[in-house]
Amino acid sequence: MFELVDLHTHSHHSDGVLAPAELVARAALRKLTRLALTDHDTTAGLDEARAACQQHDIAFVNGTELTTSWRGQEVHIVGLDIDPASAALQAQCATVLALRRTRIAAIGALLQRLPALAGEDLSIALLAEPGIPTRLHVARELVRRGLAGGTQDAFDRFLARKRPGYVGQEWPTIESALTAITAAGGVAVLAHAHRYKFSAGVLGELCRQFKQAGGSGIEVSLPGTSPADTARLVRLARQHALAGSMGSDFHEPGLPWRPLGRFAKLPDEVASILDRLRPL
Ligand code: AMP
Ligand code: MN
Ligand code: MN
Ligand code: MN
């Protein structure tokens with residue numbers, strides 16, 4: 001069967017902008033046959049997305065993208081085919097949510113010192129919203145107020161390391177995220193490994209530890225990768241016996257460099273994560 005699959009997407013339950021049903025409608029327009037919703041550290045959108053997928057005859061995969069820290073950097077782990085009712089998974093999500101809320105409040109406190117904000121704390125309104133608060137929400141708010149030209153500009157000027165609104169964060173360990181995903185019956189995929197700023201040797205060590213802790217896959221097909229990135233990801237997949245996953249990391253229609261469902265197909269020399277998922 002011909003499949004058009006996207007296993008890494010976001011909705012407004014984390015830092016995407018579309019409601020889950022809107023995301024699914026877009027997936028249907030793009031003729032996707034299988035879709036995972038993988039919001040950061042939450043499963044809140046899965047019921048709505050699953051129902052919408054049923055209407056559009058798209059196979060739905062329960063997902064989430066868990067935030068971890070490893071060797072001082074943030075590393076993301078996508079869980080697929082997870083059971084959202086898992087207490088261990090929900091506990092992991094709750095831990096990260098609490099850290100995120102404290103961090104966003106700290107960022108708001110720093111930014112309120114900017115003359116342009118004149119003592120106003122942006123985080124108060126953001127933390128009153130439902131869902132997972134992220135720095136991307138802060139970035140959008142800075143754009144909306146004309147303090148930055150776009151979200152990337154907002155990160156570069158205010159939110160990135162060494163900028164006035166930067167707050168570092170130590171997240172849970174990779175092992176804890178893998179334990180939660182495994183307890184929820186899911187398979188774990190190392191997300192966008194080409195974006196981490198590790199040396200080749202350290203990236204290899206990350207994959208080794210990820211596999212040893214129960215990881216199953218690594219993202220290989222994704223938008224915006226250079227041929228050199230893809231070669232690197234293929235090599236890591238093969239060296240560490242990780243299956244290749246495929247996903248756009250779609251957040252919003254306004255960011256055309258992460259288009260829903262549009263990326264190169266998985267190279268033949270890599271095993272597909274689809275074979276590790278529940279059969280259709
Ligand atoms: P947080 O998880 O709170 O650090 O928020 C980070 C989110 O913002 C990520 O999930 C990305 O969607 C987005 N993001 C991170 N870094 C950047 C950046 N430099 N420019 C634009 N968006 C970014
Ligand atoms: Mn995001
Ligand atoms: Mn990510
Ligand atoms: Mn993502």
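Begin by selecting Gln152, where a polar side-chain atom lies 2.9 Å from a nitrogen atom of ligand 1, a polar contact being a pair of N or O atoms within 3.5 Å. The model is predicted, with local features needing pLDDT of at least 70 and side-chain atom pairs pLDDT 80 or more, while totals for chains, interfaces and linings use all residues. Residues are numbered from 1 along each chain as its sequence is written, ligands are numbered from 1 and chains lettered from A in the order in which they are written, and side-chain values use heavy atoms, without hydrogens and water.

Select Arg100 next, where a side-chain N or O atom is 2.9 Å from an oxygen atom of ligand 1, and then His251, with a polar side-chain atom 3.1 Å from an oxygen atom of the ligand. Taken alone, ligand 1 exposes 490 Å², of which the protein buries 78% (accessible areas by the Shrake-Rupley method with a 1.4 Å probe).

Now show the residues around ligand 1, which are Asp15, His40, Arg100, Arg103, Thr134, Arg135, Leu136, Gln152, Phe155 and His251 (a heavy atom within 4 Å).

Finally, colour domain 1 (5–81 + 187–208 + 215–260 + 272–276) and domain 2 (101–159): both give residues to this shell, so ligand 1 lies between them (bounds from an automatic or database domain assignment).

Note on methods: Polar contact = N/O pair within 3.5 Å; in protein donor to acceptor, adjacent residues only side chain to side chain.
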